[in-house]
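Please look over the sequence and the model shown here, and then read the points grouped by topic.

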Amino acid sequence: MKDHSEIRFLTVNDFAGWDLAPEAVKKLLQEFRSKRILEIGSGARPTIPIEFVKGAGLEYTTNDVSESELTKADPGYKKLLLDMGCASLPGELTGRYDFIFSRMVNEHVKNGENYYRNIHAMLAPGGITVHWFSTLYALPFLMNWLLPDKLSDVLLSIFASRDRHLQGKFVAHYSWCRGPSPRSIRRFEEIGFKVLRYNGYFGHSYYARRLQFLDKLEKKKMTWLARHPQAWACSYAHIILQHPAV
C-alpha cells in the first residue's frame, strides 16, 4: 500500500452512496475542476440535476445498457448506450472524459477487470473516477451472491424491500468489490491508476425492519470494526482513482 493512498474505515452512517450522493459528487467536481462527466448506469435518472449541469457548463453523459432507459433522460444530457464491462471499447471513447463515476452499480458488473480497464482508457490523463459500491462479505450480500436468484430475491425482499440493489432486478456479481485491502489497491495500480482515496464502511440496515435484536448487534459490531478495521468485513466502499497525467 503506497503512501499516496488515503485509506479510511468508517461506519455505514458516513456512506454517501444514496441520498447524499448528489452533494458529494458536486463537491468532487469542484475539487477536481471536471467538466466532461460520464455517469455509469444512471439511465433515465442521472445523479446531478440537469439545471445544475447547465448552470455549471458541464458536458454530462448518462450511460446505460438499456436504450429505452436512456430515451427517458432529459435531452440536455448526452447519452451513451454501452456495457462498461465489454471486452473492447469504440476507439472514439479513448480519453473522452475527465470524470467518470458510479453509485451502487459496480457490484452488478460481471468482469471488474474489464470494467476498470475500460474506465482507465476512457479517462483523459489526469482524469478522475469515483465509485460507491457494496462489498462482498457482509452477510446479506454474501447470501445474495451464494443463493439461487429466486430464493435470495424472496429473502431480501422481506428484509430490504426498498433497496434497489437487492431486489433481483439486477444480478450482483461483486467482481472487484472489496474493502481497501493491499490486494485491492494493487489491482488498481496494476491497471495504471493512482489510488487517491479508498474508504471502507462497516454495517448495514437490513435487520432493522424485521430483526431489531440483530440490528442492535450489527450496530455494535460496526462501531467496533470502525475502531479495529478488517478490510474483508466491509459492507460498502468508496474509491477515488486517478489516471495519472503523462
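A polar contact, as the term is used here, is a pair of N or O atoms within 3.5 Å, and within protein one of the two must be able to donate a hydrogen and the other to accept it. The model is predicted, and the points below take up threonine 47, histidine 131 and two cysteines in turn.

**Threonine 47**

- Threonine 47 is placed in the loop that runs between strand E2 (36–39) and helix H2 (50–55), and it counts as buried because its relative accessibility is 7%, where buried means under 20%.
- The side chain of threonine 47 makes a polar contact with the side chain of arginine 103 at 2.7 Å, and another with the side chain of glutamate 39 at 2.5 Å.
- Leaving aside residues up to four places away in sequence, threonine 47 touches several residues, among them Ala21, Pro22, Val25, Tyr60 and Phe101.

**Histidine 131**

- Histidine 131 belongs to strand E6, which covers residues 123–134, and it is buried, with a relative accessible area of 0%.
- The side chain of histidine 131 makes a polar contact with the side chain of asparagine 106 at 3.3 Å, and the residues that histidine 131 touches include Ile40, Phe101, Tyr115 and His238.
- Although histidine 131 and isoleucine 240 are 109 residues apart in sequence, their C-alpha atoms are 6.8 Å apart in space.

**Cysteines and disulfides**

- Cysteine 177 counts as buried at 0% relative accessibility, and cysteine 234 likewise counts as buried at 1%.
- A disulfide is a covalent bond between the sulfur atoms of two cysteines, and a search of the whole structure finds 0 disulfides.

Notes
Residues numbered from 1 in each chain as written. Predicted model: local features only at pLDDT ≥ 70, side-chain atom pairs only at ≥ 80, totals over all residues. Heavy atoms only, no water. Helix = DSSP H or I, 4+ residues; strand = E, 2+ residues; numbered from the N terminus. Buried < 20%, exposed > 50% of the residue type's maximum accessible area, 1.4 Å probe, protein only. Contact = heavy atoms within 4.5 Å. Disulfide = S-S within 2.5 Å.
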